[in-house]
Structure formats: structure tokens, C-alpha cells
Amino acid sequence: MKLTKEAIAKMSQSYSKAKTQHVAENAVTKNGILAASENSQVAKDLSTPAFAFSIDVDSQAVANQKQSGRCWMFACLNFCRFHVEKTLDLPQGTFELSQAYLAFYNKLERANWFLEHVAATASKPFDDREVTWLFGAPMQDGGDWDMVCGLIKKYGVVPHAAMVETACTNNTAQINTQLSHLLRQDGLKIRSLVREGADGKKIEEVQAQMLDEVYRMLCVAFGEPPVKVDFEYTDTKKQFHGVYGLTPLEFYKKYVGIDLDDYIGVINVPGEDNPYKRLYAIEDSDQIPERENLYLNVDMDTLKGLVIDQLKSGEPVWFGCDVMQHCDEEAGVMDMDLYDFDELFGVDFSMDKAQRYLTRESLPTHAMMIAGVNLVDGKPDKWKIENSWGTEVHGKKVGHNGYYVCGDEWFDNFVYEVAIKKSLLSDELQKVLDTEPIVWPFWCTFNPVSAY
């Protein structure tokens, strides 16, 4: 239709009759949409008077990723930290693994991946969808469960004290901008070399020189990663321990004490084109080639049952979700009834999860840890969430010392992925892990390069 002045006049007449929205206008223009539509009783009912759960496996002090997109990394390292504290009988909240260490190697791997894919697509025109996608964001922070597992398997982990956070790890925008500038420049050179007929050896030599510069930039911004670390700690019995000269891989094998290969990303992505009980992979998501990104798609009841089984075994669960949907950061509450946008605007927001995912209205944007669940008559009604946003936002306390709580309906609608121990899968699902995955295209909503 053509948007005429007459059409706009009819809209104005319609609005003049919407008395409820005139009241809403006063509230929204003064307080904003969220504050004007929030049901404060929902937040109180979920988190007070007691922040209590029938199954509660983790109460460690939350970490703080600050202004970086490393949530997927923080959540996995929190999962590993849980096992270190348990193995060494450490006082809860006294130990943390270095996120800066893995962030360094993630960016180095990502730079290498970019250059290799630029060379592989050099014969394509610059306006090709894949080439445009590659050059659109050569360096960013996003990632996923399998990516961080691949990093740990290759590089190990170190205590936080061995490689601390810096201004650039806490706020990655500046280094991402500089690295993207360098990589786009290098990408053009690689494309020219390939198109001029340079052989593989020559391209590899040039790529090595380019990565040397990336390494140098990362050292300036993050500091150079340690090759060996010393580890001293006091356990809950006040006994001192010291181990010296461990490589990061030795530290991981000795103290984390679990094999991350034993876990699989279980997802709930509904829709006709995404059948359940099937394995999925994503084209061009091999940024850490040592571990392929694989996803087992199941219905939500199955996913939640697996999460509950893992919690019952005494182990928290890494998960990915669409965190800012129906979320009050300060209260630390996520719930479908938290805001009444329909009444506020006088419209009907009625898309289901499959429709929201299909239209990119909702997608996995953030990773955290599920630390507990409250079961009523065997069914979950709320979930305990360990975030990595610290304990304050805008100078105000967040939730319960940085922990959040989400309602079960919110979980159904906005949780997309959980990392589950393979041994908990049914025999039927374990057999699915041996099948050839359905491959989603690189531009799909679930690609971890752009998600989380």
C-alpha cells in the first residue's frame, strides 16, 4: 500500500480511541518500555523470600566478562573450575581459571581460519555471499561449546593468576577493530596471490608472516601466554599445596580431571526443516579444527530431562540462550510473564519459538551455567543460573550475588543448547551420534562465529 496522509490520519483516529495506550504513553515516555510494562510481583515470586532450589549443585562466586563477548568461554571455564574445586577440595569461590589465556589463542586461531578461508574462496567474486560474510567481521568474540572444548584440548588451561585480565581482554572492541583492519588488508593480499597463481608453499609462507603480526598484536594487548605455570593453593583443611613447572595441558589433565570429549551439545531448534533426533553441523564453523561443532537436536522435554539428570549427578550444565528476552538484569530474573508488552501497546505478540528462530527474532546470544533447578511433583518450575556479568550492573546489585533465576516457560522458549554428558543419553540418541550430520549453511542463525 501507499502511505498517504489520509492513511496516517486514519491511524491517528484509531489511536485516539485507544484509551489504554494513552495511559501507557505517559508511563513509557517517562520510564521506558521495560519499566512501564514490568510485573514486579513476578520477580518477587521467583526470587523471594528464599533463593532456594530442590537441586542446587553450584554456588561459586560469579565471574565477570565485562565488555567482551566471551560468555561461551567463561561458562565453560566456570564448568571446569567447578571440577577443579571439587578435585582439590578448594573453598568455593577462591579459584578461577584464566579467560585471557584462552582468549589469546582463540583470536590467533580465528585469524588463521580467516586467512585459510579467504584463500579457499579467492576464486569467487567479492560480492559472493560467503566472501562478503568472511570480510564482514574477520575478528569478533562469538563462540560455542565445541569451540572452547577444542581450545582447551589443544592449549590446556592455566590459573587466573598465571595470565590475568587486561584492559583489552575486558573490553575487546578496540583489539577486534585493529585485528579486523589488519586481516581485511591481509585478506586482499591472499586473494591477489591466489588469483595470480601463487603455489601453496608461497601462500603458506605469506600467511605465516601475517600470523606473526597477529601474534605480536595479541601479545601487546593481552600479554604473552605462559608456557609453564606454578600453582599454589590452600584447601578447606588449611593444608598448603604447591606444584611447579606444569604446562597448561598438564594442568588441565591433572586438575580439571574430566574429558570434554565426553560431552555433546544438545539443542532444541524446532521447525519443519529441523527434525528432532538428528545430528547437525554448520558449514564454515571449523574455527578450531581439532573439534567439530556438532549438535544433537531433541524436543524440549528430552533436553530438560537430560539437564535434570546431569544436575542430579552433582554436575552443573553449560547452556546457550537468548538472554535479554523478558529479562530484568538488576533483579536477576527471566520470565515470560515479567513484562506485558501486549497490553502496553495493544498488539498481539504471538510467534512461537520456531517462528522466532526462523525470523531471527530470537537466537542464541549468550552462554551461562545452569546451577540448579526446583522440582515440584517431579516437574521443574524455576532454574538457578550462574551468569558471568559480575555482581553489579550500573552500580546496583544483580540478582543473588550475580546468580539469576528463570521460569520454566522462559526456559522452554529461549534455551537453545546445553552441554550434556554422552553417557546420560538414551541408547537411541547415542546411536544418532554415529550418523552423518545434516549440514546447515554458514549463514544460519546457529553459526557460533556470530552467535553468543
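Let's start where two helices touch: Ala100, Ala103, Phe104, Lys107, Leu108, Ala111, Asn112, Leu115 and Glu116 in H6 meet Gln207, Met210, Leu211, Val214, Tyr215, Leu218, Cys219 and Phe222 in H11. Contact here means heavy atoms within 4.5 Å. Sorted by class, this contact of H6 with H11 holds 13 nonpolar, 2 polar and 2 charged residues. (Ala, Val, Leu, Ile, Met, Phe, Trp, Tyr, Cys and Pro count as nonpolar, Asp, Glu, Lys and Arg as charged, and the others, Gly among them, as polar.)

A quick word on the background: this is a predicted model, where local features need pLDDT of at least 70 and side-chain atom pairs count only at pLDDT 80 or more, while totals for chains, interfaces and linings use all residues. Residues are numbered from 1 along each chain as its sequence is written, and side-chain values use heavy atoms, with hydrogens and water left out. Helices (H or I, at least four residues) and strands (E, at least two) are DSSP runs, numbered from the N terminus.

**How the helices cross**

Back to that first pair. Helix H6 covers residues 99–120 and helix H11 covers residues 200–222; their axes come within 10 Å and cross at roughly 155 degrees. Axes are lines fitted to C-alpha atoms, for helices over the stretch in contact, and angles run from 0 to 180 degrees between N-to-C directions. H6 and H11 are therefore roughly antiparallel to each other. The labels work like this: under 35 degrees is roughly parallel, over 145 roughly antiparallel, 65 to 115 roughly perpendicular, and the rest oblique.

Another pair is helix H8 (residues 145–155) and helix H12 (residues 248–256), which pack at about 110 degrees with axes 7 Å apart. That makes H8 and H12 roughly perpendicular to each other. From H8, Ile152, Lys153, Lys154 and Tyr155 take part, and from H12, Pro248, Leu249 and Tyr252. The H8 and H12 contact splits into 5 nonpolar, no polar and 2 charged residues.

**Pockets and a cavity**

On a 1 Å grid over the protein atoms alone, a cavity is a set of points where a 1.4 Å probe fits but cannot get out, and a pocket is an open set with protein on both sides within 12 Å along at least five of seven lines; lining residues have an atom within 4 Å of a point. Grid points are joined across faces, edges and corners, and a volume is the space filled by probe spheres set on the points.

| Space | Volume | Lining by class |
|---|---|---|
| Largest pocket | about 530 Å³ | 10 nonpolar, 3 polar, 6 charged |
| Second largest pocket | about 340 Å³ | 8 nonpolar, 4 polar, 3 charged |
| Largest cavity | about 40 Å³ | 4 nonpolar, 2 polar, 3 charged |

The largest pocket has 19 lining residues, with Gln325, His326, Phe341, Phe349 and Glu361 nearest its centre. Helix H14 (residues 341–345) gives the largest share of that lining, 3 residues. For the second largest pocket there are 15 lining residues, and Asp273, Asn274, Tyr357, Leu358 and Thr445 lie nearest the centre. Here helix H15 (residues 353–358) provides the largest share, 4 residues.

As for cavities, the count comes to 1 of 30 Å³ or more. The largest cavity is lined by Arg70, Trp72, Met73, Ala103, Asn106, Lys107, Asp141, Thr172 and Phe222. Helix H5 (71–88) and H6 are the elements giving two or more residues to this lining, and H6 gives the largest share, 3 residues.
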